[in-house]
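Hello,

Here is the structure I said I would pass on. My notes follow below it.

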Amino acid sequence: MSHKGPDTMYYTDMKGKKHPDPYVGVTTIYCLNEDGTRIFFADPWLQNKFENELTTPEDGQFIAESMATSGSTLFLIQRGRNEFGKEINKMYTRFADFDSIGSNPALASTYNPNNNVPLVRYLPSEDCIKQPFINIQGKARSTKNISIYQIGWGQNNRQLRVQGTDVNEKLSHRGLNERGLHTKLILILDKNNQISIPLYARRGWRSLIGLSKSNLWKLVIPLEYLQNDNYQIQLILEKIFQNKFRHNVYVYETKQEIFITNTFYFQKQGAKLIFGELDDPVGLEKSLEGIDVVICLLTGHDQEILFNGQKSLIEASKKAHVKRFITSVMEWIYLELSSEKECYYYVPKQRIESLLENDSSVEHTFIATGLFAELLFIPRFGIDIKQRIIKSFGSSDMKISTTFSDDIALLLPDIILLDESKNARINLASFTTTFKEIQQIAENISGEKFQFIEDRSYENLTKEQLYNQVTEFVKSVYARGDGYFDKPFNKVHPILSKISTTTLEDYIKIKLSE
């Protein structure tokens, strides 16, 4: 039996619209049939029959061993063993009741994605969501005893519990029992690739003696990602999560979003976390009080965020008397190629630079870094160290200025303190090289032959092809010789030139060792 009411308050449809239900609520009785392949439900407002049915996961092919429900959310589990005799499990959740799936004729609903009328429910409703599997080690075992709890407003605030035995084969009242799935952190890498990391909430010892009601939050990286050889996933796990399995995090929740921050990483760096929202000018100004320099890292393909988001941050910075604003800019000097059509990704950034250049109330610094070296050394950009292939997007002796992200962080504090960086545009580069030189160094270090392919097609792309994709745009920049800095600021400045940055030889050694 399930009830959704004051403890849940609302649910959010697939279009993002919230539908409040704080008083009457929705009560549902769910029933799993004997073979675990069909789910029937009844509602006190309907006829006294289990005539309504929900499709089970995997298009009805999933066989559920047991089911738990709460707040109109169903939790299903299936256990088994693989060919090696190791226990495996599958778990799904689905938020579904008579109202949310669009069956209630008294509640307006639509399949039109352009309908923005409040309280008109968008269909189809939420589908089944596969939850991270439980990694069973040693003599530990899971059981079919499961439960689900409401721990906050909305359908994402649910705690899933699976009872099991520990490594000593004793019934566990800790671990999985105390850890509840709150929501999931979804990292979108590209349209075909994403990382889904579960966020767990549990109560600390302070709550046991009545001193606190707050949760302790933990991100747990699924084992499947740590064993994945995808470069983007490897980079995320290395740079953000230091290839560690568990992470204590700080959670800041607003009405629209949940912000998750790795507290250990920032505390280790001596950083203090301050939260603000771009659509809250007053709160944003208050969060910036006492700040001398704002370094904006907004990115993505949303032009509204790239321009209006940075503009809001600039306005709040001025009101808070911030001395310097460093913009989120593109990776190289802007091309003189915008007479007919501009690349959608960079137009907002160009507009922001123009805005700051004509505003004397706040200092600014524009930093061009060249293509990130981490991106240059991936197969999509032509360099596949594992397969021993070097593919140039232009002439083999074309000069490339590139910068490692760690070097940017290393140089930035000194750059901010320099008078020369005030109201200026500066270029940075870890090193300048050519594709042919990369091949030669890689062969010298590895002692193996690398295949070299020279691709000159990017030199003559049409403007339509040029601006269709950011990746193609980047390659064409370098193919035309515009990704080269003659005298990078960090190489000629007397102070910055003393700071050692990553060399091409060092990075190739790292890539060869992976």
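Is the crossing of α10 and α14 left-handed or right-handed? In this predicted model, the crossing of these two helices is right-handed. Helix α10 covers residues 435-446 and helix α14 covers residues 504-513; their axes are 10 Å apart and meet at an angle of about 60°. Angles from 65 to 115 degrees would count as roughly perpendicular and those under 35 as roughly parallel, so α10 and α14 are oblique to each other.

On the α10 side, the contact is made by Glu 437, Ile 438, Ile 441, Ala 442, Ile 445 and Ser 446. On the α14 side, Leu 504, Glu 505, Ile 508, Lys 509 and Leu 512 take part. By type, the residues of this contact are 7 nonpolar, 1 polar and 3 charged.

The largest nonpolar core has 28 residues. Those with the most contacts inside it include Leu 376, Phe 393, Phe 435 and Ile 438. At least two residues of this core come from each of α8 (373-376), β25 (389-393), α10, α12 (470-479) and α14. Leaving out residues up to four places away in sequence, Leu 376 touches Leu 371, Phe 381, Ile 383, Phe 393, Ile 400, Thr 402, Phe 435 and Ile 438. Another core, of 15 residues, lies apart from it, and Cys 296, Ala 316, Phe 325 and Ile 352 are among its members.

One further residue is Asn 89, in strand β9 (residues 87-95). Asn 89 has a relative accessible area of 9% and is therefore buried, the cut-off being under 20%.

Regards

Terms used:
Residues are numbered from 1 along each chain as its sequence is written. This is a predicted model: local features need pLDDT of at least 70, side-chain atom pairs count only at pLDDT 80 or more; totals for chains, interfaces and linings use all residues. Side-chain values use heavy atoms; hydrogens and water are left out. Axes are lines fitted to C-alpha atoms, for helices over the stretch in contact, and angles run from 0 to 180 degrees between N-to-C directions. Helices (H or I, at least four residues) and strands (E, at least two) are DSSP runs, numbered from the N terminus. Angles under 35 degrees count as roughly parallel, over 145 as roughly antiparallel, 65 to 115 as roughly perpendicular and the rest as oblique. A crossing is left-handed if the near helix is turned anticlockwise from the far one by less than a right angle, and right-handed if clockwise. Contact means heavy atoms within 4.5 Å. Ala, Val, Leu, Ile, Met, Phe, Trp, Tyr, Cys and Pro count as nonpolar, Asp, Glu, Lys and Arg as charged, and the others, Gly among them, as polar. A nonpolar core is a set of buried Ala, Val, Leu, Ile, Met, Phe, Trp, Tyr and Cys residues joined through side-chain atoms within 4.5 Å. Buried means under 20% relative accessible area, exposed over 50%, partly exposed in between (1.4 Å probe, protein chains only).
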